[in-house]
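Have the viewer open and click along.

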Amino acid sequence: MAQLKFYTPRSNNRTQEERHEALRFGQQGEQMAAQFLTDLGYIILEHNYRRGHLEIDLVALDGDELVVVEVKSRAYDDILQPEDAVDHKKRLALIRLANEYVKSHGRKENVRFDIVSIVSNEGGSEIKHLKNAYNVMSF
């Protein structure tokens with residue numbers, strides 16, 4: 001399995017180079033998540049589906065379900081787990097964008113929302129898959 005390059009942000013006031021490194025770190029995490037899900041038999045339909053400022057990291061098929069996947073990658077020394085960053089506001093935005101995706105692509109499958117959490121350190125990465133992490137009915 002691929003290994004993420006270790007990255008630890010120093011502060012919220014990052015330099016341009018640190019922002020680029022964080023972006024690369026996130027992209028590596030999304031690639032790892034896509035491979036992880038593919039290995040589980042998912043079919044990846046979209047990477048980084050965007051509308052305006054909103055983005056779905058991955059859209060996939062898992063059997064007869066359309067899966068909207070949020071990928072969160074963090075360094076091992078972060079205080080919060082990556083999935084904790086998918087707060088109420090982010091979930092609402094993903095639900096709204098998923099609704100737009102379903103309509104614009106004529107999808108008929110039931111929609112599920114998963115989170116893939118990746119925690120990396122110099123020794124490797126741990127991937128956690130939170131299947132059906134939240135749903136529309138919980139809002």
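Predicted model: local features only at pLDDT ≥ 70, side-chain atom pairs only at ≥ 80, totals over all residues.

Which residues are they? The buried set in α2 is Ala93, Leu94, Ile95, Leu97, Ala98, Tyr101 and Val102. If you want a reason for the spacing of such a list, keep this in mind: an α-helix has 3.6 residues a turn, so residues three or four places apart point the same way.

How does the length of α2 check out? The helix covers residues 88-105, and its 18 residues should span 26 Å at 1.5 Å a residue. The C-alpha atoms at its ends are 26 Å apart, so the two values agree. Just after α2 comes Gly106, with a positive phi of about 60 degrees.

## The sheet

Now for the strands. Five of them make an open sheet in the order β1-β2-β3-β4-β5, and the pairing is mixed. β1 and β5 are the edge strands, each pairing on one side only. On average, neighbouring strands in this sheet are turned by 30 degrees against each other, ignoring direction.

Helix α1 (residues 16-39) packs on this sheet too, touching β1, β2, β3, β4 and β5. The direction of α1 makes about 135 degrees with that of β3.

Start with β1 and β2, which run antiparallel and are joined by 7 bridges. Across this pair, Arg51 stands opposite Leu54 in β2, and Glu46 stands opposite Val59 in β2. The two strands form a hairpin with 2 residues between them. In that turn, Gly52 has a positive phi of about 65 degrees.

Asp62 stands opposite Glu65 in β3. The β2 and β3 hairpin has 2 residues between its strands, and Gly63 takes a positive phi near 65 degrees. Is β2 enclosed or open to the outside? 9 of its 9 residues are buried, so β2 is largely enclosed by the rest of the structure.

## Aromatic pairs

How many aromatic pairs does the structure hold? There are 2. One is Tyr49 with Tyr101, edge-to-face, with 4.8 Å centre to centre and 85 degrees between the planes. This pair links distant parts of the chain, since Tyr49 sits in strand β1 and Tyr101 in helix α2, 52 residues apart. Tyr49 has a relative accessible area of 4%, so it falls under the 20% cut-off and is buried. Tyr101 counts as buried as well, because its relative accessibility is 3%.

The other pair is stacked: Phe113 and Tyr134, at 5.1 Å centre to centre and 25 degrees between the planes. Again, distant parts of the chain are linked, with Phe113 in strand β4 and Tyr134 in strand β5, 21 residues apart. Phe113 counts as buried because its relative accessibility is 3%. For Tyr134 the value is 4%, so Tyr134 counts as buried too.

## The cores

Those aromatics turn up again here. The largest nonpolar core has 18 residues, and those with the most contacts inside it are Tyr49, Ile56, Val59, Leu66, Phe113 and Tyr134. Which elements give two or more residues to this core? They are β2, β3, α2 and β4. The largest share, 7 residues, comes from α2.

There is also a second, separate core of 14 residues. Its members include Ala34, Leu58, Val67 and Ile127.

## Stepping back

Put together, the protein has 2 helices and 5 strands. From the N terminus on, these elements run α-β-β-β-α-β-β.

Of the 139 residues in the protein, 40% are buried.

How values were computed
Residues numbered from 1 in each chain as written. Heavy atoms only, no water. Helix = DSSP H or I, 4+ residues; strand = E, 2+ residues; numbered from the N terminus. Expected span 1.5 Å × (residues − 1). Buried < 20%, exposed > 50% of the residue type's maximum accessible area, 1.4 Å probe, protein only. Phe/Tyr/Trp six-rings, centres within 6.5 Å; stacked < 30°, edge-to-face > 60°. Core = buried A, V, L, I, M, F, W, Y, C linked by side-chain atoms within 4.5 Å. Pairing = 2+ DSSP bridges. Axes fitted to C-alpha atoms, helices over the stretch in contact; angles between N-to-C directions. Contact = heavy atoms within 4.5 Å.
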